[in-house]
Amino acid sequence: MSEGRFSAADHGYMAQALRLAARGLYTTDPNPRVGCVLVRDGAVVGEGWHERAGEPHAEVNALRAAGADARGATCYVTLEPCAHHGLTPPCAEALVSAGVARVVAAMEDPNPAVAGQGLARLRAAGIAVEHGLLADQAEALNPGFLKRMRGGRPYVRCKLAMSLDGRTAMASGESQWITGPEARRDVQRLRARSSAILTGAGTVLADDPSFTVRAAELGEGEPAGGLRQPLRVVVDPHLSTPPTARMLSLPGSTLILTTSDDTAEADALLAAGAEVARLPGTPDTVDLDAVLELLGQRGMNEVHLETGATLAGAMLRAGLVDELVVYMAPLLLGDGARGLFHLPGLASMADRVELEIVDLRAVGRDWRISARVATRSAAAQS
Ligand SMILES: Nc1nc(O)c(N)c(N[C@@H]2O[C@H](COP(=O)(O)O)[C@@H](O)[C@H]2O)n1
């Protein structure tokens, strides 16, 4: 739907609502990031954003701020107001009760519990309702929530760091530190916005990573209410993660996904604080479709894939990666050093993986390249 029918003032207020929504970037999971602005007689009378699941939605926070001034106001909201009773009551009812005159939503909510019913409820109450203003920006705020609501699976962002000659580590495996401190801080932001960090047992064995979000490195101050730690998920067909792995003793939870039925190893991991789940696959591989299916069922929106060339290559080949974020450092690591993806069987140009670079920027002394991958579901639609 064309955005041309909206005024410059409409655009400005929706842009303000989008900025408010972004304040929930690290905190709203598994809920979407949503912002709301109430305007009456050319003045903002209330604004709000959704901060945390179980707490008031953006519209309710804006209505509370506006009080009686909400009557006759226009509500600019970045996602269709909800119509259902979830953890909180329906926002559409609250907007009707407050007497708002017009609602402009950036986009419809694909949550099957909402899906147009919020807008319909407002229209039924005689409120002027429009949607489709700055919809692309609203969509970009919540890639994981929207993908999960539409298809049940999370959005997968694969983070990689490489030298200018495309290497991730020396042949010996030595890899610390390819990128500079600014890029590492940027990675903390990617982790902090994610529901889960997905890795392979090979990475756990080689690097003993912590995979935590650390307030001191995030560089944005700790959100009120504390930092949310993404769920750490290890793809581990042989249950080779040691119970002494560093991540098991750090804040947050760890889920080990395996095809092994070795109960002694599973019990040792359980005793160390991990959760162990069995999935389909072979003795040497966990079915990666089943991994994403499970994470979607568990309400994971954005999955941050931080792993070695084997799992990264398998995810890419299976069409399960939505976005690559590659940090390129001004270094040459030379022959014999390791590459980004293990892609066996990619033999001819017909097998190539197509990417679309959507953003390129300097991060400290490094470059960050963000690229969209043609995923299996997108390829099937084209
Ligand atoms: N329009 C709108 N504004 C917000 O601030 C929201 N958080 C949502 N979320 C939608 O409602 C569902 C969550 O409802 P509860 O918090 O459990 O009541 C979420 O799945 C979205 O569909 N919408």
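Hi everyone, let's start with a pair of strands: β8 (residues 231–235) and β9 (residues 254–258) run parallel and are joined by four bridges. Strands here are DSSP runs (E, at least two residues), helices are runs of H or I with at least four residues, and both are numbered from the N terminus. Two strands pair if DSSP finds at least two bridges between them.

Before going on, a word on what we are looking at. This is a predicted model, in which local features need pLDDT of at least 70 and side-chain atom pairs count only at pLDDT 80 or more, while totals for chains, interfaces and linings use all residues. Residues are numbered from 1 along each chain as its sequence is written.

Now step back to the whole sheet. What is the order of its nine strands? The order is β10-β9-β8-β7-β13-β6-β14-β16-β15, in an open sheet with mixed pairing. At the edges are β10 (275–278) and β15 (355–363), each pairing on one side only. From one strand to the next, the twist averages 25 degrees. Angles here run from 0 to 180 degrees between N-to-C directions, and axes are lines fitted to C-alpha atoms, for helices over the stretch in contact. Helix α11 (residues 288–297) packs on this sheet and touches β7 (196–200), β8, β9, β10 and β13 (302–305), with its direction at about 160 degrees to that of β8. Contact means that C-beta atoms, placed from the backbone, lie within 7 Å.

There is another sheet to find. Five strands make an open sheet with mixed pairing, in the order β2-β1-β3-β4-β5. β2 (43–49) and β5 each have a single partner strand, so one side of each has no neighbour in the sheet. In this sheet the twist averages 15 degrees from one strand to the next. β4 and β5 run parallel, joined by four bridges, and valine 104 has glutamate 130 as its bridge partner in β5.

Two helices belong in this picture. Helix α1 (residues 8–22) lies across β1 (35–40), β2, β3 (74–77) and β4, at about 145 degrees to β1. Helix α4 lies across β4 and β5, at about 155 degrees to β5. Which residues of α4 (117–124) are buried? They are Gln117, Gly118, Leu119, Arg121 and Leu122. Buried means 20 or more other C-beta atoms within 10 Å of a residue's own, exposed means 12 or fewer, and partly exposed is in between, with C-beta atoms placed from the backbone. Their cover includes α3 (91–98), β4 (102–105) and β5 (128–131). Just after α4, glycine 126 takes a positive phi of about 85 degrees.

Next, the ligand. It is surrounded by 20 residues, the closest being His50, His57, Gly86, Leu87 and Asn111; a residue counts if its C-beta atom, placed from the backbone, lies within 6 Å.

Finally, an unreviewed UniProt entry gives the feature "binding site" at Ser175, Arg191, Thr203, Arg214 and Glu306. Such annotations may be inferred rather than shown by experiment. Threonine 203 sits in helix α8 (residues 201–207). Why is threonine 203 called partly exposed? Because 19 other C-beta atoms lie within 10 Å of threonine 203. Beyond its neighbours within four places in sequence, threonine 203 contacts Pro209, Thr307 and Gly308. Arginine 214 lies in the loop between α8 and α9 (215–218) and is partly exposed, with 16 other C-beta atoms within 10 Å.
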